[in-house]
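Trainee: Could you help me see how the names we give to parts of a structure follow from the numbers? I would like to go through one example with you.

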Amino acid sequence: QVQLVESGGGLVQPGGSLRLSCAASGSIFSFNAMGWYRQAPGKQRDLVAAITSGGSTNYADSVKGRFTISRDGAKNTLYLQMNSLKPEDTAVYYCNARSVRAWTDYDYWGQGTQVTVSS
């Protein structure tokens, strides 16, 4: 059973920074990819940033240059460094891990952590 536990959310002023963490119950390199998604009230859950097992990354256009996804294999932890935060970054942020087996995607999700950007 895969468990993902997020932490690091909170209230921050515009222009501020936060670092989210996602601790996995097993090796993060066992997944084909991991990523961060976010969901604002009344909106769909969207991809923010992702990293493959090989280390390739991709970002939503809205966060390019401000957010950085990284990982620590020794700690089995995924990170999202968020800088220059804007009010529109306010959302619940979810950690995702994806395994691909027999051409089928298996997605695992954390419980989410709230990020609020407000003065």
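Mentor: Happy to! One definition to begin with: a residue is called buried when its relative accessible area is under 20%. Keep in mind that this is a predicted model.

Trainee: Then what does that word say about C22 and C95?

Mentor: Both C22 and C95 are buried, so each has a relative accessible area under 20%.

Trainee: What makes C22 and C95 a disulfide?

Mentor: Their sulfur atoms lie 2.0 Å apart. The cut-off is within 2.5 Å, so the pair qualifies. The structure holds one disulfide. This pair links distant parts of the chain, with C22 in strand β3 and C95 in strand β9, 73 residues apart.

Trainee: Why is the disulfide of C22 and C95 called left-handed?

Mentor: Because the torsion about its S-S bond is about -75°.

Trainee: How do you know that β1 and β3 pair?

Mentor: Pairing needs at least two bridges. β1 and β3 have four, in the antiparallel sense, so they pair. One example is S7, whose bridge partner in β3 is S21. These strands belong to an open sheet with the order β1-β3-β8-β7.

Trainee: And what makes β1 and β7 edge strands?

Mentor: Each of them pairs on one side only.

Notes:
Residues numbered from 1 in each chain as written. Predicted model: local features only at pLDDT ≥ 70, side-chain atom pairs only at ≥ 80, totals over all residues. Heavy atoms only, no water. Helix = DSSP H or I, 4+ residues; strand = E, 2+ residues; numbered from the N terminus. Buried < 20%, exposed > 50% of the residue type's maximum accessible area, 1.4 Å probe, protein only.
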